[in-house]
Structures are given as C-alpha cells and as structure tokens.
Amino acid sequence: MSKVMIIGAGGVGRVVTQKCASIPTVFSEIMLASRTKSKCDIIANEVGQGKVVTAQVDADNVPELVALINQFKPKMIINVALPYQDLNIMDACLETGVHYLDTANYEPLEEAKFEYSWQWAYQERFKKAGLTAILGCGFDPGVTGVFTARAAKHHFDEIHYLDIVDCNGGDHGKAFATNFNPEINIREITQNGRYWQDNEWVETKPFEIKQVLNYPKIGGRDSYVLYHEELESLTKNFPTIKRARFWMTFGQEYLTHLRVIQNIGMARIDSINYKGVDIVPLQFLKEVLPDPGSLGEDYSGETSIGCRIKGLKDGKDKTYYIWNNCSHQAAYDETGAQGVSYTTGVPAMLGAMMFLTGEWKKPGVYNVEEFNPDPFLEKLAAHGLAWHEEVNIDLEFDYNE
Ligand code: NDP
C-alpha cells in the first residue's frame, strides 16, 4: 500500500492516473498535481469521487514542489510532465526522500539536446540517499528497453544488431496533429538523426534514411531512421551491440506539413518579439495545433512498436522480433486517451508498481533495461498491452552493410 504523486495532467497523466486508481492494493492514495489544476480535476472526476486528490504545482519551482511533497508525503513521484522538469523533480525527490520515475529524458528548454548525462549525474546522490530513480519508463523509451533486456536474458548470448521499429498505423482524421506534446515531438524529429555503429554515433540528416518496413496487422509503411534517447542507454548497457537504430513511420502528408512549419520558421525554439511580447514560435504553434489528448474519439487503427534483434545464441546466428500492437479505439474506450498516451501511461504505472512491490528496487539512477524484465512483462498484457515474439524470421534489414 503506497502513496504516489503523479505530476502532469496531459494525455499520459490521464492514463497513468486511471491505471493507478484501478489498482488500490498497490496505489493506496494518489495525488495528481500539475500546472493547471482544472485539468487534474477533470481527470480526477472521470476516475471517480474520492479516489484521486488534486493540486496545482509549478514543477519548475523546486521549493513549491518540496512543499507539496512534504504535505502529501508520497513514496514515489511519477513524472509525466515535460522533459524540462525532470531535474527539478529529481532535486525535489532528493530533498524530500521520495523515489522517482519518468518517461522522457531531461531536455534543456533552450536547446533540443537529448542525452542522459544530466540525469545519470544524479547516480551517487540517489544511491547515497537510498532512493531509486527509474528513467524512461514509457513505451519508447521504456518497454523497448524491457523487450531488449528480455532478448538478452532469454534469447541471446550476444546482441549484435538492434532495430527499434515504431509505427503509428492510426488515422485521427486531422490534416496535421502530433500524438504527444507538439513542442516536444517537433523538437525531437526535426533534429539530425543518429545511429550507433561500431562504437560510434553516425549522424544523418533528418529523414535521410528511409525504408519500407512491414508491421504486424498494419502492413508496409515508410519508416525513417531518427535519433531516440534509448539508443544511448541500450548501447551502454549491452556493449556487444554493433549497430543500433531507431525507426519511426511518417506519412507524406505529415512530412509536408512539417517541412512547411520548418520553412516558415514556426519550428524555431528561440524567442522572438511580437508586438512587445516575447514568444517562442514553436510554443505558439503548440497552442493552435490539436491537443493530442483530444485525438482519441475518432482515432482508428493501431500502433505497433517493437525490437528487431539479430545476434548469437549457442554460437549460431539468431533473429528475434518482439512487439506490441495497440488499438487507438480500444485505448480510447478504456481511458478516453489515444494509443500513444496509453502505450506510455501503462508502462509508467507498471514501472511504479514494480518499484512499490519490491521487484525493481535498488538505490541509484537506472534505465529500465537494468532491471529484471520478467515481472514487468508478466504483467504488461494484463494491464492492456499484449506482446508477442517470434524467432528466426526475416527482420527485413541488410546485415552486410
Ligand atoms: P502533455 O503536454 O499532454 O502534458 C504535459 C502535462 O505536464 C500538462 O498537463 C502540463 O500542464 C504539465 N506541465 C508542463 N509544465 C509543467 C510544470 N512546469 N509544472 C507542472 N506541470 C507542468 O504531454 P503528454 O501527456 O503527451 O506527455 C507527457 C510526457 O510523456 C512528456 O514528457 C513526453 O515527452 C512523454 N512521452 C513519453 C513517451 C514514451 O514512450 N516514453 C511517449 C509519449 C510521451 P498544462 O496542462 O498546464 O500545460
């Protein structure tokens, strides 16, 4: 029986709150706190009276966070606000003696730079305080790390090639919308791509490497190599990996809109002065784009995310594919959120459960693949994300490059 504080009342926060509230034997008391309290109240009302308390908090303000934590006294914080808040929330956890979990690595507001160095630097402080920090426990990063850990534990002696393949085969009916926070999403995909090959990063232009990949129950989709944060931790934690890449699908319509957004300067993250007010174009754009949390109702189709791995087992080549497909409509019917929020929120809840039930408990700062994947995967399907695996199949990649 444990108290948790969820920070962030967006699409992911909605799913985490609903899922935690449905398991009172683990999550005995829940506080949902966010910048805009009215959004917390809407979610708390959906969950049912008395199950979730709400609060206003600016997670950019550490003393304010500390005061709220000291008042509620949670055992763990589930951070599903934005990546900008990660370090502040970790600081507040250290100050109050509370364990920590998030779904996205820290990113400085003024620069779209994705790396774990800032959060890994908390390792000794969390260890010394006897506190656990679980980093990147959404789907990707998150389940993709757990999938890789399962492959390493049960299927391979050495993993040589890892391709994480992320397909959104859904249709929300809008000309252009992002599936999670537009600002974070556009910052991520407009950066140069990067993949790991022979102990170094190979940089690519955005959308430079493209291949049609086939996804279960979806079919062939244009897939592009881009940089994604779990590549950094997975190549560190599984040093036998020779090449690691991350693929994501994008439709032509989406790419055309994105190109226009960039060309007209609306993807800029520096501040401009508009009629005496400083605004950041991308933050302004976010305000006029569809709210990802509102996409669920008419969303059809499925997401399919998984890991395609090649390596050695008992001296022989082996291939392995492990994946989940998630229906946007089923996610919406259950939680009122679309599939991308759902596939992020369920693992965040489950990671917290792993910690609170003692399965993933060790002082320090860890990425999910550093924990035992078995208890997590034993429960993942029961909480809404069924997974599948196949061995010795064609993974659709060229391994002779
Ligand atoms: P949203 O933008 O929908 O929600 C973010 C929430 O955080 C909002 O309620 C926002 O408040 C709140 N927030 C922002 N700043 C602060 C602050 N300073 N203090 C308190 N609350 C704040 O995003 P999503 O729900 O789509 O995504 C949540 C997180 O999940 C993001 O970090 C995202 O990167 C991550 N993610 C991870 C994925 C994975 O697979 N690992 C996939 C998808 C998302 P307000 O309502 O006032 O704006």
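1. Basis of the note. Residues are numbered from 1 along each chain, in the order in which its sequence is written. Because the model is predicted, local features need pLDDT of at least 70 and side-chain atom pairs count only at pLDDT 80 or more, whereas totals for chains, interfaces and linings use all residues.

2. Overall make-up. The protein has 14 helices and 18 strands, where helices (H or I, at least four residues) and strands (E, at least two) are DSSP runs numbered from the N terminus. Its radius of gyration is 20 Å, close to the 21 Å that the globule rule gives for 401 residues, so the protein is as compact as a globular protein of that length; the radius is taken over C-alpha atoms, and the rule is 2.2 Å times the number of residues to the power 0.38. The C-alpha trace spans about 60 × 55 × 40 Å along its principal axes.

3. Burial and contacts. Of the 401 residues, 48% are buried, a residue being buried if 20 or more other C-beta atoms lie within 10 Å of its own, exposed if 12 or fewer, and partly exposed in between, with C-beta atoms placed from the backbone. Among contacts between residues at least 6 apart in sequence, 71% join residues at least 24 apart; two residues are in contact if their C-beta atoms, placed from the backbone, lie within 7 Å.

4. The open sheet. Seven strands form an open sheet in the order β3-β2-β1-β4-β5-β6-β17, with parallel pairing, and two strands are said to pair if DSSP finds at least two bridges between them. The edge strands, β3 (52-56) and β17 (364-367), each pair on one side only, and the twist averages 20 degrees from one strand to the next. Within this sheet, β1 and β2 run parallel and are joined by 6 bridges, with Met5 opposite Met31 in β2. Strands β4 (residues 76-79) and β5 (residues 99-102) pair in the parallel sense over 4 bridges, and the bridge partner of Met76 in β5 is His99.

5. Helices against the sheet. Helix α4 (residues 86-96) packs on the sheet and touches β1 (2-7), β4, β5 and β6 (132-135), its direction making about 165 degrees with that of β5. Helix α2 (residues 37-47) lies across β2 (27-34) and β3, and runs at about 175 degrees to β3. Axes here are lines fitted to C-alpha atoms, for helices over the stretch in contact, and angles run from 0 to 180 degrees between N-to-C directions.

6. A helix pair. Helix α7 (residues 143-155) and helix α14 (residues 373-380) pack at an angle of about 120 degrees, with their axes 9 Å apart. That makes α7 oblique to α14, since angles under 35 degrees count as roughly parallel, over 145 as roughly antiparallel, 65 to 115 as roughly perpendicular and the rest as oblique. Val146, Ala149, Arg150 and Lys153 of α7 make the contact with Pro373, Phe376 and Leu377 of α14.

7. Two residues compared with their surroundings. Ile7, found in strand β1, is buried, with 28 other C-beta atoms within 10 Å. Not counting residues up to four places away in sequence, Ile7 touches several residues, including Ala33, Val57, Ile77 and Ile89. Val47, placed in helix α2, is partly exposed, with 18 other C-beta atoms within 10 Å. Leaving aside neighbours within four places in sequence, Val47 is in contact with Thr17, Gln18, Ala21 and Val52, and its C-alpha atom is separated by 9.4 Å from that of Lys19, 28 residues apart along the chain.

8. Strand β12 and its partners. Strand β12 (residues 243-249) is mostly covered, 6 of its 7 residues being buried. Strand β7 (residues 158-168) runs parallel to β12 and is joined to it by 6 bridges, with Ala244 in β12 as the bridge partner of Leu162. Strand β8 (residues 193-197) runs antiparallel to β12, with 2 bridges, and Gln197 has Arg243 as its bridge partner in β12. Strand β11 (residues 219-225) is likewise antiparallel to β12, joined by 3 bridges, and Ser223 stands opposite Thr249 in β12.
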